[in-house]
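Let me put the structure up, and then I'll walk you through some of its helix packing.

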Amino acid sequence: MAEIILGLMGGLGLFLYGMKLMSDALEKAAGAKMRSILEFFTKTPIRGILVGTFFTAVIQSSSAATVMVVSFVNSGLMNLYQAAGVIMGANIGTTVTSQLISFNLSALAPAIVMAGVIMVMFCKKNKIQRVGEVLLGFGILFMGLTTMSTSMSVLKESPQVVGIMGSLDNHFIALLMGIIVTAVLQSSSATVGIILLLAKQGLLDFRICLFIILGCNIGACVSALLAGLNGKRDAKRASLIHLLFNIIGTVLMYVVFSVALEPVVHFIESISGMDPGREVANAHTLIKIVEVIVLAPFIKQIVKLTGFFVRGEDAGAETDFELQFIGSKSVFSPTTAVFDATREMERMGHMAITNLERAMNALITLDENDIKEVYQVEKQIDFLNHSITNYLVKINQTSLPIDDKQSIAGLFHVVNDIERIGDHAENIADAAISRIERNVDFSEKAKRELSGMLDMVIKITTYALDMFSHNNQEHMQEILELEDQVDEAERSLQESHIQRLTRNECTASAGMMFSDIISGLERVSDHATNIAFSLMEEDPVEQQKEQRAQAAGK
(Lines give C-alpha, C1' and ligand atoms only; values in the text may rest on other atoms or scores of the structure.)
Protein backbone atom coordinates (compact mmCIF):
# COMPACT_ATOMS: atom_id res chain seq x y z
CA MET A 1 0.00 0.00 0.00
CA ALA A 2 2.92 2.34 0.76
CA GLU A 3 4.21 1.91 -2.81
CA ILE A 4 0.78 2.75 -4.19
CA ILE A 5 0.53 5.90 -2.07
CA LEU A 6 4.03 6.98 -3.10
CA GLY A 7 3.12 6.33 -6.73
CA LEU A 8 0.00 8.47 -6.41
CA MET A 9 1.95 11.26 -4.71
CA GLY A 10 4.70 11.16 -7.32
CA GLY A 11 2.21 11.13 -10.18
CA LEU A 12 0.25 14.02 -8.67
CA GLY A 13 3.49 15.95 -8.17
CA LEU A 14 4.49 15.46 -11.81
CA PHE A 15 0.98 16.35 -12.95
CA LEU A 16 0.87 19.61 -10.95
CA TYR A 17 4.43 20.58 -11.90
CA GLY A 18 3.78 19.85 -15.58
CA MET A 19 0.60 21.93 -15.52
CA LYS A 20 2.37 24.86 -13.82
CA LEU A 21 5.36 24.65 -16.17
CA MET A 22 3.07 24.60 -19.22
CA SER A 23 0.86 27.42 -17.91
CA ASP A 24 3.81 29.64 -16.92
CA ALA A 25 5.56 29.11 -20.25
CA LEU A 26 2.38 29.93 -22.20
CA GLU A 27 1.83 33.00 -20.04
CA LYS A 28 5.42 34.21 -20.56
CA ALA A 29 5.24 33.58 -24.31
CA ALA A 30 1.82 35.11 -24.89
CA GLY A 31 1.20 37.23 -21.79
CA ALA A 32 1.99 40.66 -23.23
CA LYS A 33 0.02 40.04 -26.44
CA MET A 34 -2.92 38.53 -24.57
CA ARG A 35 -2.85 41.50 -22.19
CA SER A 36 -3.25 43.83 -25.18
CA ILE A 37 -6.22 41.78 -26.35
CA LEU A 38 -7.79 42.03 -22.92
CA GLU A 39 -7.22 45.79 -22.88
CA PHE A 40 -8.87 46.56 -26.20
CA PHE A 41 -11.43 43.83 -26.85
CA THR A 42 -13.45 43.76 -23.65
CA LYS A 43 -15.63 46.81 -24.20
CA THR A 44 -18.84 44.79 -23.77
CA PRO A 45 -19.60 41.80 -21.51
CA ILE A 46 -20.23 39.49 -24.51
CA ARG A 47 -16.86 40.36 -26.01
CA GLY A 48 -15.37 39.89 -22.57
CA ILE A 49 -16.79 36.37 -22.36
CA LEU A 50 -15.33 35.45 -25.75
CA VAL A 51 -11.94 37.00 -24.97
CA GLY A 52 -11.87 35.43 -21.50
CA THR A 53 -12.60 32.01 -22.99
CA PHE A 54 -9.90 32.34 -25.64
CA PHE A 55 -7.33 33.84 -23.26
CA THR A 56 -7.77 31.16 -20.59
CA ALA A 57 -7.74 28.39 -23.20
CA VAL A 58 -4.36 29.72 -24.39
CA ILE A 59 -2.63 30.11 -21.02
CA GLN A 60 -4.38 27.06 -19.52
CA SER A 61 -5.06 28.75 -16.18
CA SER A 62 -8.28 30.39 -15.06
CA SER A 63 -6.50 31.44 -11.84
CA ALA A 64 -3.89 33.43 -13.83
CA ALA A 65 -6.63 34.96 -15.99
CA THR A 66 -8.81 36.05 -13.07
CA VAL A 67 -5.84 37.41 -11.08
CA MET A 68 -4.87 39.45 -14.16
CA VAL A 69 -8.42 40.79 -14.48
CA VAL A 70 -8.44 41.75 -10.79
CA SER A 71 -5.13 43.56 -11.38
CA PHE A 72 -6.60 45.44 -14.36
CA VAL A 73 -9.60 46.52 -12.30
CA ASN A 74 -7.27 47.61 -9.49
CA SER A 75 -5.31 49.75 -11.99
CA GLY A 76 -8.47 51.30 -13.43
CA LEU A 77 -7.89 49.82 -16.89
CA MET A 78 -11.04 47.70 -16.79
CA ASN A 79 -14.38 48.36 -15.13
CA LEU A 80 -16.35 45.75 -13.19
CA TYR A 81 -18.82 45.04 -16.01
CA GLN A 82 -15.98 44.26 -18.42
CA ALA A 83 -14.25 42.17 -15.75
CA ALA A 84 -17.41 40.14 -15.16
CA GLY A 85 -17.53 39.09 -18.81
CA VAL A 86 -13.86 38.04 -18.88
CA ILE A 87 -14.24 36.09 -15.62
CA MET A 88 -17.23 34.21 -17.01
CA GLY A 89 -15.32 33.39 -20.18
CA ALA A 90 -12.33 32.22 -18.11
CA ASN A 91 -14.58 29.63 -16.50
CA ILE A 92 -15.25 28.11 -19.93
CA GLY A 93 -11.65 28.39 -21.13
CA THR A 94 -10.30 26.47 -18.15
CA THR A 95 -12.17 23.33 -19.26
CA VAL A 96 -9.83 22.96 -22.26
CA THR A 97 -7.27 21.34 -19.96
CA SER A 98 -9.66 18.56 -18.91
CA GLN A 99 -10.60 18.03 -22.57
CA LEU A 100 -6.92 17.53 -23.44
CA ILE A 101 -6.44 15.16 -20.49
CA SER A 102 -9.43 13.07 -21.55
CA PHE A 103 -7.68 12.06 -24.77
CA ASN A 104 -5.23 9.22 -24.25
CA LEU A 105 -1.94 10.91 -25.13
CA SER A 106 0.14 9.17 -22.45
CA ALA A 107 1.93 6.98 -25.00
CA LEU A 108 3.29 10.13 -26.68
CA ALA A 109 4.37 11.76 -23.40
CA PRO A 110 8.05 10.58 -23.44
CA ALA A 111 8.52 11.84 -27.01
CA ILE A 112 6.91 15.18 -26.11
CA VAL A 113 9.18 15.51 -23.06
CA MET A 114 12.27 14.75 -25.16
CA ALA A 115 11.27 17.31 -27.77
CA GLY A 116 10.77 19.91 -25.03
CA VAL A 117 14.15 19.15 -23.43
CA ILE A 118 15.96 19.51 -26.77
CA MET A 119 14.30 22.88 -27.44
CA VAL A 120 15.05 24.19 -23.93
CA MET A 121 18.66 23.00 -23.73
CA PHE A 122 19.95 23.43 -27.27
CA CYS A 123 18.02 26.36 -28.77
CA LYS A 124 19.25 29.91 -28.18
CA LYS A 125 16.09 31.88 -29.01
CA ASN A 126 13.84 32.68 -26.07
CA LYS A 127 10.63 32.05 -27.99
CA ILE A 128 11.74 28.56 -29.03
CA GLN A 129 12.77 27.84 -25.44
CA ARG A 130 9.32 28.92 -24.25
CA VAL A 131 7.68 26.56 -26.75
CA GLY A 132 10.02 23.86 -25.44
CA GLU A 133 8.89 24.58 -21.88
CA VAL A 134 5.26 24.26 -22.99
CA LEU A 135 5.96 20.87 -24.57
CA LEU A 136 8.01 19.78 -21.56
CA GLY A 137 5.21 20.75 -19.18
CA PHE A 138 2.64 19.03 -21.40
CA GLY A 139 4.71 15.83 -21.49
CA ILE A 140 5.41 15.82 -17.75
CA LEU A 141 1.70 16.35 -17.10
CA PHE A 142 0.80 13.21 -19.03
CA MET A 143 3.63 11.22 -17.46
CA GLY A 144 2.18 12.19 -14.10
CA LEU A 145 -1.23 11.02 -15.27
CA THR A 146 0.28 7.70 -16.37
CA THR A 147 1.92 7.24 -12.96
CA MET A 148 -1.33 8.00 -11.13
CA SER A 149 -3.33 5.81 -13.47
CA THR A 150 -0.98 2.87 -12.86
CA SER A 151 -1.30 3.28 -9.08
CA MET A 152 -5.08 3.59 -9.33
CA SER A 153 -5.31 0.42 -11.41
CA VAL A 154 -3.80 -1.42 -8.46
CA LEU A 155 -6.17 0.31 -6.05
CA LYS A 156 -9.23 -0.94 -7.92
CA GLU A 157 -8.17 -4.48 -7.08
CA SER A 158 -8.50 -3.69 -3.36
CA PRO A 159 -12.00 -4.56 -2.08
CA GLN A 160 -11.62 -2.05 0.77
CA VAL A 161 -10.80 0.88 -1.56
CA VAL A 162 -13.55 -0.08 -4.01
CA GLY A 163 -15.97 -0.33 -1.11
CA ILE A 164 -15.04 3.09 0.28
CA MET A 165 -15.20 4.81 -3.11
CA GLY A 166 -18.44 3.04 -3.99
CA SER A 167 -20.07 4.10 -0.75
CA LEU A 168 -19.59 7.77 -1.63
CA ASP A 169 -23.15 8.59 -2.60
CA ASN A 170 -23.85 11.78 -0.63
CA HIS A 171 -24.08 14.59 -3.14
CA PHE A 172 -23.34 17.35 -0.64
CA ILE A 173 -20.26 15.56 0.72
CA ALA A 174 -19.04 15.19 -2.87
CA LEU A 175 -19.55 18.92 -3.39
CA LEU A 176 -17.52 19.74 -0.27
CA MET A 177 -14.80 17.34 -1.37
CA GLY A 178 -14.48 19.20 -4.68
CA ILE A 179 -14.23 22.56 -2.89
CA ILE A 180 -11.57 21.42 -0.41
CA VAL A 181 -9.37 19.50 -2.88
CA THR A 182 -9.43 22.36 -5.43
CA ALA A 183 -8.73 24.99 -2.77
CA VAL A 184 -5.69 22.98 -1.64
CA LEU A 185 -4.38 22.23 -5.15
CA GLN A 186 -5.22 25.77 -6.38
CA SER A 187 -6.33 24.30 -9.69
CA SER A 188 -9.74 23.06 -10.77
CA SER A 189 -8.11 21.46 -13.81
CA ALA A 190 -5.92 19.32 -11.52
CA THR A 191 -8.93 18.20 -9.48
CA VAL A 192 -10.94 17.37 -12.59
CA GLY A 193 -7.92 15.45 -13.92
CA ILE A 194 -7.87 13.30 -10.78
CA ILE A 195 -11.63 12.75 -10.98
CA LEU A 196 -11.23 11.79 -14.62
CA LEU A 197 -8.64 9.12 -13.76
CA LEU A 198 -10.76 7.75 -10.91
CA ALA A 199 -13.75 7.51 -13.25
CA LYS A 200 -11.70 5.76 -15.95
CA GLN A 201 -10.52 3.17 -13.40
CA GLY A 202 -14.11 2.59 -12.31
CA LEU A 203 -13.42 3.83 -8.77
CA LEU A 204 -15.87 6.74 -8.92
CA ASP A 205 -19.42 6.69 -10.22
CA PHE A 206 -20.06 9.34 -12.87
CA ARG A 207 -23.02 10.69 -10.92
CA ILE A 208 -20.81 11.54 -7.96
CA CYS A 209 -18.21 13.01 -10.32
CA LEU A 210 -20.76 15.60 -11.39
CA PHE A 211 -21.12 16.94 -7.85
CA ILE A 212 -17.38 16.94 -7.18
CA ILE A 213 -16.95 19.01 -10.37
CA LEU A 214 -19.51 21.49 -9.00
CA GLY A 215 -17.38 21.81 -5.87
CA CYS A 216 -14.33 22.50 -8.04
CA ASN A 217 -16.08 25.62 -9.34
CA ILE A 218 -16.11 27.21 -5.90
CA GLY A 219 -12.66 25.97 -4.82
CA ALA A 220 -11.13 27.55 -7.92
CA CYS A 221 -12.04 31.02 -6.61
CA VAL A 222 -9.39 30.97 -3.87
CA SER A 223 -6.59 32.45 -6.03
CA ALA A 224 -8.67 35.43 -7.16
CA LEU A 225 -9.97 36.05 -3.63
CA LEU A 226 -6.42 36.08 -2.24
CA ALA A 227 -5.33 38.43 -5.04
CA GLY A 228 -8.16 40.85 -4.31
CA LEU A 229 -7.64 40.99 -0.54
CA ASN A 230 -4.92 43.64 -0.68
CA GLY A 231 -6.44 45.51 -3.59
CA LYS A 232 -8.68 48.54 -3.74
CA ARG A 233 -12.43 48.36 -3.37
CA ASP A 234 -13.13 47.48 -7.02
CA ALA A 235 -10.40 44.83 -7.01
CA LYS A 236 -12.15 43.17 -4.08
CA ARG A 237 -15.43 43.38 -5.98
CA ALA A 238 -13.87 41.83 -9.09
CA SER A 239 -12.63 38.82 -7.13
CA LEU A 240 -16.06 38.60 -5.51
CA ILE A 241 -17.70 38.49 -8.97
CA HIS A 242 -15.76 35.28 -9.62
CA LEU A 243 -16.93 33.77 -6.33
CA LEU A 244 -20.58 34.85 -6.73
CA PHE A 245 -20.74 33.58 -10.31
CA ASN A 246 -19.46 30.18 -9.26
CA ILE A 247 -21.61 29.93 -6.14
CA ILE A 248 -24.80 30.93 -7.96
CA GLY A 249 -23.96 28.68 -10.92
CA THR A 250 -23.13 25.77 -8.61
CA VAL A 251 -26.38 26.15 -6.67
CA LEU A 252 -28.41 26.22 -9.89
CA MET A 253 -26.65 23.16 -11.32
CA TYR A 254 -26.92 21.34 -7.97
CA VAL A 255 -30.69 21.82 -8.08
CA VAL A 256 -30.85 20.66 -11.71
CA PHE A 257 -28.77 17.55 -10.97
CA SER A 258 -30.83 16.77 -7.88
CA VAL A 259 -34.10 16.99 -9.84
CA ALA A 260 -33.07 15.52 -13.20
CA LEU A 261 -29.83 13.61 -12.58
CA GLU A 262 -30.58 10.57 -14.75
CA PRO A 263 -31.57 12.50 -17.90
CA VAL A 264 -28.41 14.62 -17.54
CA VAL A 265 -26.23 11.54 -17.08
CA HIS A 266 -27.86 9.82 -20.05
CA PHE A 267 -27.31 12.86 -22.30
CA ILE A 268 -23.63 13.26 -21.38
CA GLU A 269 -23.01 9.52 -21.79
CA SER A 270 -24.65 9.57 -25.22
CA ILE A 271 -22.36 12.36 -26.53
CA SER A 272 -19.23 10.87 -24.95
CA GLY A 273 -19.23 7.42 -26.51
CA MET A 274 -19.59 5.80 -23.07
CA ASP A 275 -15.96 6.73 -22.33
CA PRO A 276 -15.75 7.65 -18.59
CA GLY A 277 -12.87 10.07 -19.17
CA ARG A 278 -14.67 11.89 -21.97
CA GLU A 279 -17.84 11.96 -19.85
CA VAL A 280 -16.08 13.82 -17.02
CA ALA A 281 -14.37 16.28 -19.43
CA ASN A 282 -17.60 16.96 -21.34
CA ALA A 283 -19.54 17.38 -18.09
CA HIS A 284 -16.97 19.93 -16.91
CA THR A 285 -17.29 21.92 -20.14
CA LEU A 286 -21.09 21.71 -20.38
CA ILE A 287 -21.58 22.80 -16.76
CA LYS A 288 -19.50 25.92 -17.38
CA ILE A 289 -21.21 26.75 -20.67
CA VAL A 290 -24.68 26.38 -19.17
CA GLU A 291 -23.74 28.55 -16.18
CA VAL A 292 -22.45 31.32 -18.46
CA ILE A 293 -25.52 31.18 -20.72
CA VAL A 294 -27.86 31.38 -17.73
CA LEU A 295 -25.99 34.08 -15.78
CA ALA A 296 -24.63 36.32 -18.56
CA PRO A 297 -27.91 38.31 -18.83
CA PHE A 298 -27.58 39.11 -15.11
CA ILE A 299 -24.07 40.58 -15.15
CA LYS A 300 -25.31 44.01 -13.99
CA GLN A 301 -27.15 42.44 -11.08
CA ILE A 302 -24.11 40.36 -10.05
CA VAL A 303 -21.89 43.45 -10.15
CA LYS A 304 -24.42 45.38 -8.02
CA LEU A 305 -24.54 42.46 -5.59
CA THR A 306 -20.78 42.80 -4.97
CA GLY A 307 -21.49 46.34 -3.78
CA PHE A 308 -23.66 44.88 -1.03
CA PHE A 309 -20.72 42.85 0.32
CA VAL A 310 -17.94 45.42 -0.34
CA ARG A 311 -19.37 48.83 0.45
CA GLY A 312 -18.13 52.42 0.45
CA GLU A 313 -15.02 54.00 -0.98
CA ASP A 314 -11.42 52.94 -0.56
CA ALA A 315 -10.45 53.52 3.05
CA GLY A 316 -8.34 56.62 3.51
CA ALA A 317 -7.55 59.23 0.90
CA GLU A 318 -4.47 58.40 -1.09
CA THR A 319 -1.55 60.75 -0.61
CA ASP A 320 1.11 61.43 -3.20
CA PHE A 321 3.65 59.61 -1.04
CA GLU A 322 1.70 56.39 -1.55
CA LEU A 323 2.12 54.13 -4.55
CA GLN A 324 -1.20 53.85 -6.33
CA PHE A 325 -0.56 50.97 -8.74
CA ILE A 326 2.32 48.90 -7.32
CA GLY A 327 2.07 49.47 -3.58
CA SER A 328 0.23 47.79 -0.73
CA LYS A 329 -3.09 48.25 -2.54
CA SER A 330 -1.92 46.64 -5.74
CA VAL A 331 -2.59 43.15 -7.07
CA PHE A 332 0.59 41.41 -8.19
CA SER A 333 0.47 39.38 -11.38
CA PRO A 334 3.60 38.72 -13.48
CA THR A 335 1.61 39.38 -16.65
CA THR A 336 0.52 42.85 -15.50
CA ALA A 337 3.57 43.78 -13.38
CA VAL A 338 5.24 45.87 -16.11
CA PHE A 339 1.91 47.45 -17.05
CA ASP A 340 1.33 48.47 -13.42
CA ALA A 341 4.87 49.88 -13.18
CA THR A 342 4.25 51.88 -16.36
CA ARG A 343 1.07 53.37 -14.87
CA GLU A 344 3.02 54.41 -11.76
CA MET A 345 5.75 55.94 -13.94
CA GLU A 346 3.14 57.80 -15.98
CA ARG A 347 1.81 59.29 -12.73
CA MET A 348 5.36 60.23 -11.73
CA GLY A 349 5.94 61.82 -15.16
CA HIS A 350 2.83 64.01 -14.97
CA MET A 351 3.93 65.07 -11.49
CA ALA A 352 7.35 66.11 -12.87
CA ILE A 353 5.80 68.04 -15.79
CA THR A 354 3.44 69.95 -13.48
CA ASN A 355 6.33 70.70 -11.12
CA LEU A 356 8.41 72.06 -13.98
CA GLU A 357 5.61 74.48 -14.90
CA ARG A 358 5.17 75.43 -11.25
CA ALA A 359 8.91 76.09 -10.87
CA MET A 360 9.02 78.37 -13.92
CA ASN A 361 5.99 80.26 -12.67
CA ALA A 362 7.78 80.71 -9.33
CA LEU A 363 10.87 82.00 -11.16
CA ILE A 364 8.88 84.62 -13.06
CA THR A 365 6.41 85.66 -10.33
CA LEU A 366 8.65 84.96 -7.29
CA ASP A 367 5.69 83.27 -5.59
CA GLU A 368 7.11 81.73 -2.40
CA ASN A 369 4.19 79.30 -2.01
CA ASP A 370 4.96 77.86 -5.46
CA ILE A 371 8.62 77.51 -4.49
CA LYS A 372 7.71 75.56 -1.34
CA GLU A 373 5.35 73.35 -3.36
CA VAL A 374 8.12 72.58 -5.89
CA TYR A 375 10.38 71.26 -3.13
CA GLN A 376 7.56 69.22 -1.59
CA VAL A 377 6.65 67.60 -4.91
CA GLU A 378 10.33 66.91 -5.60
CA LYS A 379 10.39 64.83 -2.41
CA GLN A 380 7.42 62.88 -3.73
CA ILE A 381 9.16 62.33 -7.07
CA ASP A 382 12.28 61.06 -5.26
CA PHE A 383 10.09 58.69 -3.24
CA LEU A 384 8.49 57.34 -6.42
CA ASN A 385 11.89 57.02 -8.08
CA HIS A 386 13.26 54.80 -5.30
CA SER A 387 10.04 52.79 -4.92
CA ILE A 388 9.57 52.12 -8.65
CA THR A 389 13.26 51.24 -9.09
CA ASN A 390 13.04 48.72 -6.24
CA TYR A 391 9.87 47.28 -7.77
CA LEU A 392 11.54 46.89 -11.17
CA VAL A 393 14.44 45.05 -9.53
CA LYS A 394 11.94 42.77 -7.80
CA ILE A 395 9.83 41.91 -10.85
CA ASN A 396 12.93 41.42 -12.99
CA GLN A 397 13.60 38.35 -10.83
CA THR A 398 10.16 36.85 -11.57
CA SER A 399 8.81 34.98 -14.58
CA LEU A 400 7.68 37.85 -16.80
CA PRO A 401 6.34 37.56 -20.37
CA ILE A 402 9.17 37.69 -22.91
CA ASP A 403 8.29 41.14 -24.30
CA ASP A 404 8.02 42.59 -20.79
CA LYS A 405 11.35 41.09 -19.75
CA GLN A 406 13.02 42.79 -22.69
CA SER A 407 11.57 46.18 -21.75
CA ILE A 408 12.81 46.22 -18.15
CA ALA A 409 16.13 47.90 -19.03
CA GLY A 410 14.26 50.69 -20.83
CA LEU A 411 11.99 51.20 -17.81
CA PHE A 412 14.99 51.73 -15.52
CA HIS A 413 16.18 54.48 -17.88
CA VAL A 414 12.74 56.11 -18.00
CA VAL A 415 12.47 56.30 -14.20
CA ASN A 416 15.88 57.96 -14.11
CA ASP A 417 14.95 60.42 -16.89
CA ILE A 418 11.74 61.43 -15.11
CA GLU A 419 13.65 61.90 -11.86
CA ARG A 420 16.17 64.14 -13.66
CA ILE A 421 13.30 66.27 -15.03
CA GLY A 422 12.19 66.71 -11.42
CA ASP A 423 15.73 67.78 -10.49
CA HIS A 424 15.67 70.46 -13.18
CA ALA A 425 12.41 71.82 -11.74
CA GLU A 426 14.13 71.99 -8.36
CA ASN A 427 17.07 73.84 -9.94
CA ILE A 428 14.67 76.44 -11.31
CA ALA A 429 13.13 76.82 -7.84
CA ASP A 430 16.65 77.36 -6.48
CA ALA A 431 17.09 80.10 -9.08
CA ALA A 432 13.81 81.69 -7.94
CA ILE A 433 15.12 81.81 -4.36
CA SER A 434 18.37 83.31 -5.62
CA ARG A 435 16.41 86.01 -7.49
CA ILE A 436 14.62 86.94 -4.27
CA GLU A 437 17.70 86.90 -2.05
CA ARG A 438 20.00 88.76 -4.50
CA ASN A 439 17.29 90.96 -6.00
CA VAL A 440 18.07 89.75 -9.52
CA ASP A 441 15.80 91.16 -12.21
CA PHE A 442 14.90 89.70 -15.60
CA SER A 443 13.90 91.85 -18.56
CA GLU A 444 10.45 91.35 -20.01
CA LYS A 445 12.03 89.96 -23.17
CA ALA A 446 14.00 87.38 -21.16
CA LYS A 447 10.81 86.34 -19.38
CA ARG A 448 9.00 85.90 -22.72
CA GLU A 449 11.91 83.87 -24.09
CA LEU A 450 11.90 81.58 -21.05
CA SER A 451 8.12 81.11 -21.28
CA GLY A 452 8.34 80.33 -25.00
CA MET A 453 11.05 77.73 -24.49
CA LEU A 454 9.16 76.21 -21.56
CA ASP A 455 6.05 75.80 -23.74
CA MET A 456 8.05 73.75 -26.26
CA VAL A 457 9.65 71.65 -23.50
CA ILE A 458 6.30 70.96 -21.81
CA LYS A 459 4.81 69.98 -25.15
CA ILE A 460 7.58 67.54 -26.08
CA THR A 461 7.60 66.05 -22.57
CA THR A 462 3.82 65.54 -22.59
CA TYR A 463 3.95 63.88 -26.02
CA ALA A 464 6.90 61.73 -24.92
CA LEU A 465 5.14 60.52 -21.77
CA ASP A 466 2.03 59.63 -23.79
CA MET A 467 4.14 57.74 -26.34
CA PHE A 468 5.91 55.80 -23.59
CA SER A 469 2.81 55.07 -21.48
CA HIS A 470 0.33 54.23 -24.22
CA ASN A 471 2.58 53.45 -27.20
CA ASN A 472 0.86 56.35 -28.97
CA GLN A 473 3.12 57.16 -31.92
CA GLU A 474 0.83 59.84 -33.34
CA HIS A 475 3.25 62.61 -32.31
CA MET A 476 6.52 60.75 -32.92
CA GLN A 477 7.61 62.98 -35.81
CA GLU A 478 6.55 66.07 -33.89
CA ILE A 479 8.72 64.96 -30.96
CA LEU A 480 11.73 64.72 -33.27
CA GLU A 481 10.99 68.16 -34.73
CA LEU A 482 10.45 69.70 -31.29
CA GLU A 483 13.78 68.27 -30.11
CA ASP A 484 15.53 70.10 -32.97
CA GLN A 485 13.55 73.27 -32.28
CA VAL A 486 14.49 73.24 -28.58
CA ASP A 487 18.16 72.73 -29.45
CA GLU A 488 17.99 75.62 -31.90
CA ALA A 489 16.12 77.80 -29.39
CA GLU A 490 18.77 77.11 -26.74
CA ARG A 491 21.56 78.21 -29.10
CA SER A 492 19.62 81.27 -30.21
CA LEU A 493 18.72 82.37 -26.67
CA GLN A 494 22.30 81.92 -25.47
CA GLU A 495 23.44 84.29 -28.21
CA SER A 496 20.60 86.69 -27.43
CA HIS A 497 21.47 86.93 -23.74
CA ILE A 498 25.18 87.46 -24.55
CA GLN A 499 24.15 90.40 -26.73
CA ARG A 500 22.09 91.83 -23.85
CA LEU A 501 25.09 91.49 -21.57
CA THR A 502 27.33 93.36 -24.01
CA ARG A 503 24.75 96.14 -24.27
CA ASN A 504 24.48 96.29 -20.46
CA GLU A 505 20.76 95.51 -20.69
CA CYS A 506 21.03 92.91 -17.92
CA THR A 507 23.39 92.11 -15.06
CA ALA A 508 25.98 89.34 -15.05
CA SER A 509 24.02 87.52 -12.31
CA ALA A 510 20.84 87.61 -14.37
CA GLY A 511 22.75 86.49 -17.47
CA MET A 512 24.33 83.48 -15.75
CA MET A 513 21.00 82.48 -14.23
CA PHE A 514 19.25 82.83 -17.59
CA SER A 515 21.94 80.73 -19.30
CA ASP A 516 21.72 77.96 -16.71
CA ILE A 517 17.93 77.78 -16.94
CA ILE A 518 17.72 77.48 -20.72
CA SER A 519 20.52 74.88 -20.65
CA GLY A 520 18.47 72.95 -18.08
CA LEU A 521 15.35 73.18 -20.23
CA GLU A 522 17.29 71.84 -23.21
CA ARG A 523 18.41 68.87 -21.10
CA VAL A 524 14.78 68.27 -20.06
CA SER A 525 13.98 68.03 -23.78
CA ASP A 526 16.74 65.43 -24.15
CA HIS A 527 15.30 63.41 -21.25
CA ALA A 528 11.85 63.64 -22.83
CA THR A 529 13.16 62.28 -26.13
CA ASN A 530 14.83 59.41 -24.25
CA ILE A 531 11.50 58.61 -22.57
CA ALA A 532 9.61 58.64 -25.87
CA PHE A 533 11.91 56.13 -27.58
CA SER A 534 12.97 54.12 -24.52
CA LEU A 535 11.07 50.97 -25.54
CA MET A 536 11.73 51.12 -29.28
CA GLU A 537 14.31 48.73 -30.73
CA GLU A 538 15.72 51.42 -33.04
CA ASP A 539 16.15 55.01 -31.89
CA PRO A 540 14.81 57.43 -34.58
CA VAL A 541 17.00 60.21 -33.13
CA GLU A 542 20.18 58.21 -33.78
CA GLN A 543 18.86 57.27 -37.23
CA GLN A 544 18.37 60.94 -38.07
CA LYS A 545 21.89 61.77 -36.86
CA GLU A 546 23.35 59.01 -39.07
CA GLN A 547 21.35 60.23 -42.06
CA ARG A 548 22.57 63.81 -41.52
CA ALA A 549 26.17 62.63 -41.15
CA GLN A 550 25.89 60.66 -44.39
CA ALA A 551 24.35 63.67 -46.16
CA ALA A 552 27.13 65.93 -44.87
CA GLY A 553 29.74 63.42 -46.08
CA LYS A 554 28.33 63.57 -49.60
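Before the helix pairs, a word on axes: these are lines fitted to C-alpha atoms, for helices over the stretch in contact, and angles run from 0 to 180 degrees between N-to-C directions. Helices here are DSSP runs (H or I, at least four residues), numbered from the N terminus. What you see is a predicted model, where local features need pLDDT of at least 70, side-chain atom pairs count only at pLDDT 80 or more, and totals for chains, interfaces and linings use all residues. Residues are numbered from 1 along each chain as its sequence is written, and side-chain values use heavy atoms, with hydrogens and water left out.

So, the first pair. Helix α11 (residues 206-219) and helix α14 (residues 276-295) have axes that come within 10 Å and cross at roughly 45°. That makes the two oblique to each other, given that angles under 35 degrees count as roughly parallel, over 145 as roughly antiparallel, 65 to 115 as roughly perpendicular and the rest as oblique. Their contact (heavy atoms within 4.5 Å) involves F206, C209, L210, I213, L214 and N217 from α11, facing E279, V280, A283, H284, I287, K288 and E291 from α14. Sorted by class, that's eight nonpolar, two polar and three charged residues. For the classes, Ala, Val, Leu, Ile, Met, Phe, Trp, Tyr, Cys and Pro count as nonpolar, Asp, Glu, Lys and Arg as charged, and the others, Gly among them, as polar.

Now on to α18. Just past the helix, N439 has a positive phi of about 55°.

Which helix does α18 pack on? On α21 (residues 508-532): the axes come within 9 Å and cross at roughly 165°, so the pair is roughly antiparallel. Residues meeting there include I421 and H424 from α18, and L521 and V524 from α21. The contact divides into ten nonpolar, six polar and five charged residues.

α21 also has α20 (residues 476-502) alongside, with axes within 10 Å and a crossing of roughly 170°, so these two are roughly antiparallel as well. Among the residues in that contact are V486 of α20 and L521 of α21.

Last stop, M456, in helix α19 (residues 444-470). Leaving aside neighbours within four places in sequence, M456 is in contact with L482, Q485, V486 and A489. M456 and L521 are 65 residues apart in sequence, yet 9.5 Å apart in space, C-alpha to C-alpha.
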